[in-house]
Amino acid sequence: MDTKTSNTPFYEPSGDECELFERAWKNRLPLLIKGPTGCGKTRFVSHMAARLNLPLYTVACHDDLTAADLVGRHLIGDGETIWNDGPLTRAVREGGICYLDEVVEARKDTTVVLHPLADDRRMLPIDRTGELLQAPPSFMLVVSYNPGYQNFLKGMKPSTRQRFVSLTFDFPTAAQEEAVLIGETGIDTMTAKRLVSIAGAFRALRDHDLEEVASTRLLVYAATLIKDGYDPVRACRAALVETLTDDAETAVALNEVVSATFGR
(Lines give C-alpha, C1' and ligand atoms only; values in the text may rest on other atoms or scores of the structure.)
Protein backbone atom coordinates (compact mmCIF):
# COMPACT_ATOMS: atom_id res chain seq x y z
CA MET A 1 0.00 0.00 0.00
CA ASP A 2 2.63 2.52 -1.09
CA THR A 3 0.86 5.86 -1.56
CA LYS A 4 3.86 8.17 -1.77
CA THR A 5 2.72 11.65 -2.85
CA SER A 6 4.13 15.15 -3.04
CA ASN A 7 2.99 15.60 0.57
CA THR A 8 5.10 12.67 1.76
CA PRO A 9 7.94 14.01 3.95
CA PHE A 10 11.27 13.88 2.12
CA TYR A 11 13.47 10.96 3.10
CA GLU A 12 16.67 9.71 1.47
CA PRO A 13 17.02 5.91 2.06
CA SER A 14 20.42 4.66 3.11
CA GLY A 15 19.69 0.95 2.64
CA ASP A 16 16.71 -1.37 2.74
CA GLU A 17 15.06 0.26 5.74
CA CYS A 18 11.92 1.18 3.78
CA GLU A 19 11.46 -2.42 2.66
CA LEU A 20 12.02 -3.75 6.19
CA PHE A 21 9.51 -1.27 7.61
CA GLU A 22 6.87 -2.27 5.06
CA ARG A 23 7.45 -5.97 5.61
CA ALA A 24 7.26 -5.55 9.39
CA TRP A 25 4.02 -3.57 9.03
CA LYS A 26 2.51 -6.08 6.60
CA ASN A 27 3.34 -8.96 8.95
CA ARG A 28 2.14 -7.09 12.06
CA LEU A 29 5.55 -6.93 13.71
CA PRO A 30 6.62 -4.06 16.01
CA LEU A 31 9.80 -2.19 15.08
CA LEU A 32 12.67 -0.88 17.23
CA ILE A 33 14.90 1.80 15.65
CA LYS A 34 18.31 2.57 17.17
CA GLY A 35 20.51 5.48 16.19
CA PRO A 36 22.19 8.73 17.25
CA THR A 37 20.30 11.97 17.75
CA GLY A 38 19.30 13.73 14.55
CA CYS A 39 20.17 10.93 12.12
CA GLY A 40 16.65 10.76 10.66
CA LYS A 41 14.73 8.23 12.78
CA THR A 42 11.68 10.45 13.32
CA ARG A 43 11.67 11.67 9.72
CA PHE A 44 11.85 8.06 8.54
CA VAL A 45 8.78 7.08 10.56
CA SER A 46 6.86 10.15 9.32
CA HIS A 47 7.83 9.28 5.75
CA MET A 48 6.69 5.68 6.09
CA ALA A 49 3.41 6.65 7.76
CA ALA A 50 2.66 8.95 4.81
CA ARG A 51 3.67 6.29 2.28
CA LEU A 52 1.39 3.78 3.91
CA ASN A 53 -1.37 6.37 4.35
CA LEU A 54 -1.64 5.68 8.08
CA PRO A 55 -2.34 8.11 10.93
CA LEU A 56 0.77 8.67 13.03
CA TYR A 57 0.83 9.33 16.77
CA THR A 58 4.25 10.36 18.07
CA VAL A 59 5.09 10.42 21.78
CA ALA A 60 8.31 12.01 23.07
CA CYS A 61 9.08 9.80 26.07
CA HIS A 62 10.41 11.22 29.35
CA ASP A 63 10.94 10.29 33.00
CA ASP A 64 7.46 11.33 34.09
CA LEU A 65 5.57 9.58 31.30
CA THR A 66 2.92 7.32 32.82
CA ALA A 67 0.86 4.49 31.41
CA ALA A 68 -2.16 6.79 31.63
CA ASP A 69 -0.38 9.30 29.37
CA LEU A 70 -0.21 6.58 26.73
CA VAL A 71 -3.51 4.77 27.28
CA GLY A 72 -5.80 7.58 28.46
CA ARG A 73 -7.57 8.89 31.53
CA HIS A 74 -10.87 10.17 32.81
CA LEU A 75 -11.27 13.93 32.67
CA ILE A 76 -13.88 16.13 34.32
CA GLY A 77 -15.82 18.48 32.07
CA ASP A 78 -19.32 20.02 32.03
CA GLY A 79 -20.13 18.36 35.32
CA GLU A 80 -19.37 14.86 34.16
CA THR A 81 -16.45 12.50 33.88
CA ILE A 82 -15.39 11.70 30.33
CA TRP A 83 -12.89 9.11 29.19
CA ASN A 84 -10.14 10.57 26.98
CA ASP A 85 -8.04 8.20 24.85
CA GLY A 86 -4.27 8.59 24.97
CA PRO A 87 -2.15 8.45 21.79
CA LEU A 88 -1.52 4.72 22.06
CA THR A 89 -5.22 3.96 22.36
CA ARG A 90 -6.10 6.29 19.47
CA ALA A 91 -3.51 4.61 17.25
CA VAL A 92 -4.97 1.19 18.10
CA ARG A 93 -8.58 2.26 17.52
CA GLU A 94 -7.71 3.92 14.18
CA GLY A 95 -5.30 1.27 12.96
CA GLY A 96 -2.44 3.75 12.75
CA ILE A 97 1.19 3.93 13.85
CA CYS A 98 2.16 4.75 17.44
CA TYR A 99 5.77 5.97 17.57
CA LEU A 100 7.46 6.24 20.97
CA ASP A 101 10.57 8.38 20.54
CA GLU A 102 13.43 7.78 23.02
CA VAL A 103 11.46 5.00 24.68
CA VAL A 104 14.25 4.26 27.20
CA GLU A 105 13.49 7.63 28.83
CA ALA A 106 10.09 6.29 29.92
CA ARG A 107 9.77 4.45 33.22
CA LYS A 108 9.99 0.67 32.93
CA ASP A 109 6.59 0.21 34.54
CA THR A 110 5.18 2.44 31.80
CA THR A 111 6.66 0.52 28.89
CA VAL A 112 5.23 -2.73 30.29
CA VAL A 113 1.85 -1.57 28.96
CA LEU A 114 3.30 -2.18 25.49
CA HIS A 115 3.90 -5.89 26.03
CA PRO A 116 0.49 -7.31 25.02
CA LEU A 117 0.55 -5.07 21.94
CA ALA A 118 4.08 -6.01 20.94
CA ASP A 119 3.61 -9.78 20.76
CA ASP A 120 1.22 -12.01 18.89
CA ARG A 121 -1.70 -11.03 21.11
CA ARG A 122 -1.76 -7.45 19.73
CA MET A 123 -4.18 -6.40 22.46
CA LEU A 124 -4.51 -3.32 24.61
CA PRO A 125 -6.33 -3.81 27.90
CA ILE A 126 -7.79 -0.61 29.35
CA ASP A 127 -8.46 -1.35 33.00
CA ARG A 128 -10.27 1.91 33.71
CA THR A 129 -12.93 1.37 31.04
CA GLY A 130 -12.96 -2.41 31.14
CA GLU A 131 -12.15 -2.56 27.42
CA LEU A 132 -9.87 -5.05 25.72
CA LEU A 133 -8.95 -3.61 22.33
CA GLN A 134 -7.78 -5.92 19.57
CA ALA A 135 -5.37 -4.04 17.30
CA PRO A 136 -6.51 -4.05 13.66
CA PRO A 137 -4.10 -5.39 11.00
CA SER A 138 -2.93 -1.91 10.01
CA PHE A 139 -1.81 -0.94 13.54
CA MET A 140 1.96 -0.78 14.07
CA LEU A 141 4.04 -0.04 17.16
CA VAL A 142 7.39 1.68 16.55
CA VAL A 143 9.88 2.73 19.25
CA SER A 144 13.31 4.32 19.05
CA TYR A 145 16.22 5.28 21.26
CA ASN A 146 19.76 6.60 21.06
CA PRO A 147 22.21 3.88 22.25
CA GLY A 148 24.68 6.65 23.10
CA TYR A 149 22.39 7.83 25.89
CA GLN A 150 21.72 4.38 27.26
CA ASN A 151 23.12 3.45 30.65
CA PHE A 152 22.50 0.80 33.26
CA LEU A 153 19.57 2.66 34.76
CA LYS A 154 17.97 3.58 31.45
CA GLY A 155 18.47 0.45 29.44
CA MET A 156 15.56 -1.24 27.75
CA LYS A 157 14.17 -4.25 29.60
CA PRO A 158 15.10 -7.47 27.75
CA SER A 159 11.49 -8.60 28.08
CA THR A 160 10.46 -5.48 26.16
CA ARG A 161 13.34 -5.43 23.70
CA GLN A 162 12.82 -9.00 22.55
CA ARG A 163 9.35 -8.20 21.29
CA PHE A 164 10.67 -6.05 18.43
CA VAL A 165 12.27 -6.36 15.03
CA SER A 166 15.28 -4.02 15.19
CA LEU A 167 16.82 -1.57 12.77
CA THR A 168 20.03 0.41 13.30
CA PHE A 169 20.46 3.91 11.93
CA ASP A 170 23.66 5.89 11.65
CA PHE A 171 24.62 9.12 9.99
CA PRO A 172 24.38 8.78 6.20
CA THR A 173 27.38 8.65 3.89
CA ALA A 174 28.67 11.96 2.58
CA ALA A 175 26.90 11.52 -0.76
CA GLN A 176 23.63 10.56 0.93
CA GLU A 177 23.86 13.44 3.38
CA GLU A 178 24.46 15.88 0.52
CA ALA A 179 21.35 14.49 -1.20
CA VAL A 180 19.37 14.99 2.02
CA LEU A 181 20.44 18.64 2.30
CA ILE A 182 19.66 19.36 -1.35
CA GLY A 183 16.35 17.51 -1.27
CA GLU A 184 15.31 18.97 2.05
CA THR A 185 16.30 22.62 1.54
CA GLY A 186 17.10 23.14 -2.14
CA ILE A 187 20.63 24.45 -1.54
CA ASP A 188 23.26 24.09 -4.29
CA THR A 189 25.59 21.12 -4.49
CA MET A 190 28.76 23.00 -3.49
CA THR A 191 27.18 24.38 -0.31
CA ALA A 192 25.88 20.92 0.54
CA LYS A 193 29.38 19.48 0.12
CA ARG A 194 30.87 22.17 2.38
CA LEU A 195 28.30 21.55 5.11
CA VAL A 196 28.86 17.81 5.01
CA SER A 197 32.61 18.41 5.15
CA ILE A 198 32.15 20.51 8.29
CA ALA A 199 30.01 17.78 9.83
CA GLY A 200 32.72 15.22 9.10
CA ALA A 201 35.33 17.36 10.83
CA PHE A 202 33.09 17.92 13.86
CA ARG A 203 32.21 14.22 14.13
CA ALA A 204 35.89 13.35 14.36
CA LEU A 205 35.94 15.27 17.65
CA ARG A 206 33.37 13.05 19.36
CA ASP A 207 34.38 12.01 22.87
CA HIS A 208 37.28 14.46 22.73
CA ASP A 209 36.05 18.03 22.54
CA LEU A 210 32.39 17.34 21.81
CA GLU A 211 29.94 15.27 23.84
CA GLU A 212 27.49 15.17 20.93
CA VAL A 213 28.36 15.56 17.26
CA ALA A 214 26.70 17.46 14.42
CA SER A 215 23.50 15.71 13.38
CA THR A 216 21.97 15.71 9.92
CA ARG A 217 19.11 17.67 11.46
CA LEU A 218 21.48 20.50 12.43
CA LEU A 219 22.97 20.49 8.94
CA VAL A 220 19.46 20.90 7.54
CA TYR A 221 18.96 23.87 9.88
CA ALA A 222 22.19 25.48 8.65
CA ALA A 223 21.29 24.79 5.03
CA THR A 224 17.83 26.28 5.56
CA LEU A 225 19.30 29.53 6.89
CA ILE A 226 21.79 29.69 4.02
CA LYS A 227 19.10 29.01 1.45
CA ASP A 228 17.16 31.90 2.97
CA GLY A 229 20.09 34.20 2.25
CA TYR A 230 21.84 34.17 5.63
CA ASP A 231 25.62 34.33 5.63
CA PRO A 232 26.97 30.72 5.56
CA VAL A 233 29.55 31.22 8.32
CA ARG A 234 27.03 32.84 10.65
CA ALA A 235 24.47 30.18 9.77
CA CYS A 236 26.91 27.43 10.74
CA ARG A 237 27.82 29.27 13.93
CA ALA A 238 24.17 29.50 14.96
CA ALA A 239 22.97 26.08 13.82
CA LEU A 240 26.08 24.01 14.58
CA VAL A 241 28.77 25.57 16.76
CA GLU A 242 26.62 27.30 19.39
CA THR A 243 24.29 24.31 19.58
CA LEU A 244 27.07 21.78 20.07
CA THR A 245 29.23 23.45 22.71
CA ASP A 246 29.25 25.97 25.55
CA ASP A 247 33.03 25.84 25.85
CA ALA A 248 34.61 29.02 24.49
CA GLU A 249 37.86 27.41 23.34
CA THR A 250 36.05 24.60 21.57
CA ALA A 251 33.72 27.09 19.90
CA VAL A 252 36.71 29.03 18.58
CA ALA A 253 38.21 25.85 17.11
CA LEU A 254 34.90 24.86 15.49
CA ASN A 255 34.40 28.34 14.05
CA GLU A 256 37.87 28.15 12.50
CA VAL A 257 36.84 24.94 10.73
CA VAL A 258 33.70 26.66 9.42
CA SER A 259 35.58 29.75 8.25
CA ALA A 260 38.28 27.71 6.52
CA THR A 261 35.65 25.59 4.75
CA PHE A 262 33.93 28.67 3.37
CA GLY A 263 37.26 30.36 2.46
CA ARG A 264 37.10 33.17 5.03
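Buried here means under 20% relative accessible area, exposed means over 50%, and partly exposed covers what falls in between, with a 1.4 Å probe and protein chains only. The model is a predicted one, so to speak of local features takes a pLDDT of at least 70 and side-chain atom pairs count only at pLDDT 80 or more, while totals for chains, interfaces and linings use all residues. Residues are numbered from 1 along each chain as its sequence is written, and side-chain values use heavy atoms, with hydrogens and water left out.

Now for the overall picture. The protein has 264 residues, of which 47% count as buried. Its C-alpha atoms fill a box of roughly 65 × 40 × 40 Å along the principal axes. The secondary structure comes to 11 helices and 9 strands, where helices (H or I, at least four residues) and strands (E, at least two) are DSSP runs numbered from the N terminus.

Back to Arg122, which sits in the loop between H5 and strand S6 (123–126). Its phi is positive, at about 50°, although Arg122 is not a glycine. Glu102 does something along those lines, with a phi near 55°, again positive in a residue other than glycine. Glu102 is in the loop between S5 and helix H5 (108–111) and counts as buried at 15% relative accessibility. Another loop residue, Gly95, is placed between H4 and strand S5 (97–101). Gly95 is buried as well, at 2% relative accessibility. In sequence Gly95 and Ser138 are 43 residues apart, yet their C-alpha atoms are 4.9 Å apart in space.

Next come the aromatic rings. Searching the whole structure turns up 3 aromatic pairs; rings of Phe, Tyr and Trp (its six-membered ring) pair if their centres lie within 6.5 Å, and planes under 30 degrees apart count as stacked, over 60 as edge-to-face and the rest as tilted. Tyr11 and Phe44 make a tilted pair, because their ring centres are 5.2 Å apart and their planes are at 45°. This pair links distant parts of the chain, with Tyr11 in the segment before helix H1 (17–26) and Phe44 in helix H2 (residues 41–51), 33 residues apart. Tyr11 is buried with a relative accessible area of 11%, and Phe44 is buried with 0%. Phe44 also pairs with Phe21, this time edge-to-face, at 5.5 Å centre to centre and 90° between the planes. Phe21 belongs to helix H1 and Phe44 to helix H2, so this contact ties together parts that are 23 residues apart in sequence. Both Phe21 and Phe44 are buried.

As for charges, the structure holds 10 salt bridges, each being a side-chain nitrogen of Lys or Arg within 4 Å of a carboxyl oxygen of Asp or Glu. One of them joins Arg203 to Glu177, at 2.8 Å from N to O. Here, too, distant parts of the chain are linked: Arg203 is in helix H8 (residues 189–203) and Glu177 in helix H7 (residues 174–185), 26 residues apart. Arg203 is buried, with a relative accessible area of 19%, and so is Glu177, with 1%.

In another salt bridge, between Glu131 and Arg93, the closest N and O atoms are 3.0 Å apart. Glu131 lies in strand S7 (residues 131–134) and Arg93 in helix H4 (residues 87–94), so parts 38 residues apart in sequence are tied together. Glu131 is partly exposed at 27% relative accessibility, as is Arg93 at 38%. Along with Asp85, Arg93 and Glu131 are linked in a network of salt bridges. Asp69 and Arg73 also meet through their side chains, at 3.0 Å from N to O. Asp69 counts as partly exposed at 27%, and Arg73 does too at 31%.

Finally, there is the surface. Asp209, Glu242, Asp246, Asp247 and Glu249 gather there in a patch of negative charge. Such patches are made of residues with over 30% relative accessible area and no salt bridge, like charges being joined within 9 Å and nonpolar side chains (Val, Leu, Ile, Met, Phe, Trp, Tyr) within 5 Å. Asp246 is found in the loop between helix H10 (232–244) and helix H11 (248–261) and is exposed, with a relative accessible area of 81%.

Note on methods:
Accessible areas come from the Shrake-Rupley method with a 1.4 Å probe; for residues, only the protein chains shown count as cover. Lys and Arg count as positive and Asp and Glu as negative; His and the chain ends are not counted. The place of a charge is taken as NZ of Lys, CZ of Arg, CG of Asp or CD of Glu.
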